Amino acid sequence: MISSNSERKRFFIFDGYALLYRAHFALIKNPLVTSYGLHTSALYGFTNQVLKLIDKEKPDYVACAFDSKEKTFRHHMFNDYKAQRPEMPNELQSQLPHLWELLNFLNLPTLKKPGYEADDLIGTLAVEANKNKLDTYIVSGDKDFMQLINEHIFLYSPGTRWKPKVTIYDSKGVEKKWGVKPNKIIDLLGLMGDASDNIPGASGIGEKTAVKLIKEYGSLENALKNAENIKNKRIQNGLQSNQNLTLLSKKLVTIKTDLNLELSVKDLKLKEINKNNSLKKFRELEFFALEKLISNSENDNLELKTKNNFKTVTSKDQLKKLVNHFKNSKKLTFSVEVTSENPFSASIIGF
């Protein structure tokens, strides 16, 4: 659990699609597929991460925010916003109806708002939570959220396969990583642009130069005003070439924090899950390993109990006999032994 001196209650909000895509691509080489052909990598990774985090951190309030399918106000400001983003893969799209069911059974509030991104919903709720004396943890790997960070809003960045440990960014953490304070992140991203969202920034201005300009002039606007005084011609030309586009870039990366939402933070208290429906859904999706995360009762797993007669295969002859046995069987179930319960970092060591 996070160590904190704060006596405030805690609100965890999940950046839904970011975590879903993260889980999908983490298992892209060895995807999870049910016996009836449904891809479930994203569902499994997302559900596993959310349930384990809730069990570990025990938040008082919780929510999941998602982008809506409609174009946002940012697309109307800039036609090429996220224009290079590919369509959601079919195998991921087919999992969405099951995701909404899972979130419903797990009693996790889901928020969307046409015309806005999950970032804007999260920003609005984080600011509201701060006003209500809650500490907010935004569960996402998206650097854009660093603009929101203050003494009561944090970025809870999940681990990856290569770096399993969770990173929690506070104001000092943001400054250490990017070289500027959280309230200057929008100036930084406005100057350097963001290829992942197709935000242009100032021509030829990279991260190091952008940090230097912000430290010297205080803001993106002041850097543009002083462009003619900069001796480096490349930087000068970059700032002067299309100032309107650079100013627009800052607007595009700025997260809204004043939306009118159907739910307020007070509506997002952590609730008991619907255990029966959740277990049924887990079994439908063949998420047997996740059942222990929501069940402490022996009665919940009666259906799965069988008399086991284990044998260890240690030679080629034993393996051949096993394969022949499988050939005569109508159904086969196998379990994978791994080095970690974290699907993003685990290695397979046995079957």
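Biologist: Which residues of helix H12 (residues 243-253) are buried?

Modeller: Thr246, Leu248, Ser249, Lys250, Leu252 and Val253 are the buried ones. Buried means under 20% relative accessible area, exposed means over 50%, and partly exposed is in between, with a 1.4 Å probe and protein chains only. Helices are DSSP runs of H or I with at least four residues, strands are E runs of at least two, and both are numbered from the N terminus.

Biologist: Before we go on, what kind of model is this?

Modeller: This is a predicted model, where local features need pLDDT of at least 70 and side-chain atom pairs count only at pLDDT 80 or more, while totals for chains, interfaces and linings use all residues. Residues are numbered from 1 along each chain as its sequence is written, and side-chain values use heavy atoms, with hydrogens and water left out.

Biologist: OK, back to H12. What do its buried residues pack against?

Modeller: They pack against H3, H8 and helix H10 (220-225). Contact here means heavy atoms within 4.5 Å.

Biologist: And H6, how many of its residues are buried?

Modeller: Ten of the 14, so H6 is largely enclosed by the rest of the structure. Among them are Asp119, Asp120, Leu121, Ile122 and Ala129.

Biologist: What covers them?

Modeller: The cover includes strand S1 (9-15), strand S2 (61-65), helix H3 (73-77), strand S3 (110-111), S4 and S5.

Biologist: What does H6 span, end to end?

Modeller: From first C-alpha to last, H6 reaches 20 Å, close to the 20 Å expected at 1.5 Å a residue. The expected span is 1.5 Å times one less than the number of residues.

Biologist: What follows H6?

Modeller: Lysine 133, with a positive phi near 60°, although it is not a glycine. Lysine 133 sits in the loop between H6 and strand S4 (134-139), and its relative accessible area of 58% makes it exposed.

Biologist: Where is asparagine 198?

Modeller: In the loop between helix H8 (185-192) and helix H9 (207-217). Asparagine 198 also has a positive phi of about 60° without being a glycine, and it is partly exposed, at 28% relative accessible area.

Biologist: Switching to the inside: how many residues does the largest nonpolar core have?

Modeller: It has 53, and Phe11, Leu191, Leu213 and Leu239 have the most contacts inside it. The largest share, six residues, comes from helix H6 (residues 118-131). A second, separate core of 36 residues includes Leu19, Leu51, Met88 and Leu106. By nonpolar core I mean a set of buried Ala, Val, Leu, Ile, Met, Phe, Trp, Tyr and Cys residues joined through side-chain atoms within 4.5 Å.

Biologist: What does leucine 213 touch?

Modeller: Not counting residues up to four places away in sequence, leucine 213 touches Leu191, Ile205, Gly218, Ala223, Ile230, Ile235 and Leu239.

Biologist: Now serine 157, buried or exposed?

Modeller: Serine 157 is buried, at 12% relative accessibility. It belongs to strand S5 (residues 153-157). Beyond neighbours within four places in sequence, serine 157 contacts Ser140, Gly141, Val166, Thr167 and Tyr169.
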